[in-house]
Amino acid sequence: MTSDLPSKKNLWRPYTQMRLAPSPLEAVATRGSRIVLADGRALVDGIASWWTAVHGYNHPHIAEAVADQLARMPHVMFGGLTHAPAERLAARLAALLPGDLDHVFFSDSGSVAVEVALKMAAQMWLNRGVSGRTKVLAFRGGYHGDTMGAMSVCDPEEGMHRRFGAYLPSQVFCDLPRSAAETAALESALAAHRETLAAVIVEPLVQGAGGMVMHPPEVLATIARLARSHGLPLIADEIFTGFGRTGSLFACEQAGIVPDIMCLSKALTGGTMALAATVARTAVFEAFWSEDPAAALMHGPTFMANPLACAAANASLDLFETEPRLDQARAIAHRLADGLAGLKGLPGVADVRTLGAIGAVQFARAPDLPALKAAFLDRGVWVRPFGDIVYLTPALTIEPADLDRLIEAVVAVVPEQAAALS
């Protein structure tokens, strides 16, 4: 199979120094857990296209739903109009989410879902007649997106957006409360900044793009308890962790908490269409329920509640109801834990950790990333390490043989690279 693409010089690629970047691989098809390249190779996808394709690629049920919606009504503006795919999806999400997370605001990317959550929290206070609450407490190591507000609550020192510090709103940062001292520090920060804080934001159980940093449910429960004790809404960024990735449908369930606002995207449509949702509890929504037009949430993406994307998301939820996704996630969890365990303690390996359908190996320091990526390609797998981390987040439907192939590639490649670091 040969490519007939025109020159690639016009594309500006993500997270890439264009002057140094090698030519990207050309994908021409997908099937199951594989990406087919123009040169005929079929790579086993170890990261489900940035954690989105939870049902694998080309699931016929989603494809049929999208084709049907495309033929009837691919898009209509959501200002002044409504439609059944969005109404149905909002009702289904409200029924699935814990507690009274009943009010769904749609957008079209995870970063925007976070922006909407930050705006909801800030305007909630203004609508209640409280001014001065302009800051958010976030956690070091966190990542919440690439837009300006979302960048402001990402890790300010180690995160990929540190160069934008002078442009961003100033926020309050703490360490995750894993110890008594860190819990005390968090409580102290909440008390010290109480009159200026609008909300607390956290990635439940796993800080994804910050390095697959995992924390137990008790840590999340502590954050929720302290936020509540200071009267602050808790924003749970489940863009990465939602829809089965951690072994439960939503990570918050494992801590038994109900955040005040939850952000969803990535796997919401099963990896087929861009869609996001910011979901609020009734107390948050009621702060906007008013006869004053100025109290409305003034946000409205052009493609908000896109019918085509909503159809894909409804089809994805069908699959969570009719196919054993959570059982599959737990099976992957056991295989990752067993398969990667032998890398623990190797010279040059700092840590090996797993949670649900997530496996991560952390080097003692950043390895030669181009060499590492090339080594994985040589073994026929699509694994995209970053920083000092190699990770696997495969489709929940991945075949056991393909999962074993991914694990075998990691087990073969990591010691070679780790040895060079020791």
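**View 1. Val411 and the residues that it touches in the predicted model.** Not counting residues up to four places away in sequence, Val411 touches Gly339 and Leu343, and this close-up, like the others, is taken from a predicted model. Val411 itself lies in helix 12, which spans residues 400-421. With a relative accessibility of 33%, Val411 counts as partly exposed, because that class covers values between the 20% limit for buried residues and the 50% limit for exposed ones. The view may also be used to locate Val361, which is 50 residues away from Val411 along the chain, with 9.8 Å separating the two C-alpha atoms.

**View 2. The two domains of the protein chain.** The chain is divided into domain 1, covering 61-322, and domain 2, covering 324-421. Between the C-alpha centres of domain 1 and domain 2 there is a distance of 28 Å. Where the domains meet, 18 residues of domain 1 are in contact with 17 residues of domain 2.

**View 3. The interface between domain 1 and domain 2.** The size of an interface is often given as the accessible area lost when the parts come together. Here domain 1 and domain 2 bury about 1400 Å² between them, and 69% of this area is on carbon and sulfur atoms. On the side of domain 1, the residues that lose the most area to domain 2 are Met212, Met214 and Arg245, which together account for 44% of what that side buries. Zero salt bridges are counted between the two domains, whereas six residue pairs are found in polar contact across the interface, with both residues at pLDDT 80 or more. Strand 9 (213-214) and helix 9 (307-322) are the elements that give two or more residues to the side of domain 1 that touches domain 2. Sorted by class, that side has eleven nonpolar, six polar and one charged residues.

**View 4. His83 in its loop.** His83 is found in the loop between helix 2 (60-72) and helix 3 (84-96). With a relative accessible area of 7%, His83 is buried, because this value falls under the 20% limit for that class. Leaving aside neighbours within four places in sequence, His83 is in contact with Met73, Val76, Phe78, Ala305, Asn306, Pro307 and Cys310. The side chain of His83 reaches the backbone oxygen of Ala305, one of these residues, at 2.8 Å. A polar atom of the His83 side chain also lies 3.3 Å from the backbone nitrogen of Ala86.

Methods:
Residues numbered from 1 in each chain as written. Predicted model: local features only at pLDDT ≥ 70, side-chain atom pairs only at ≥ 80, totals over all residues. Heavy atoms only, no water. Domains from an automatic or database assignment. Contact = heavy atoms within 4.5 Å. Buried area = accessible area lost by both parts, 1.4 Å probe. Salt bridge = Lys/Arg side-chain N within 4 Å of Asp/Glu carboxyl O. Polar contact = N/O pair within 3.5 Å; in protein donor to acceptor, adjacent residues only side chain to side chain. Helix = DSSP H or I, 4+ residues; strand = E, 2+ residues; numbered from the N terminus. Nonpolar A, V, L, I, M, F, W, Y, C, P; charged D, E, K, R; others polar. Buried < 20%, exposed > 50% of the residue type's maximum accessible area, 1.4 Å probe, protein only.
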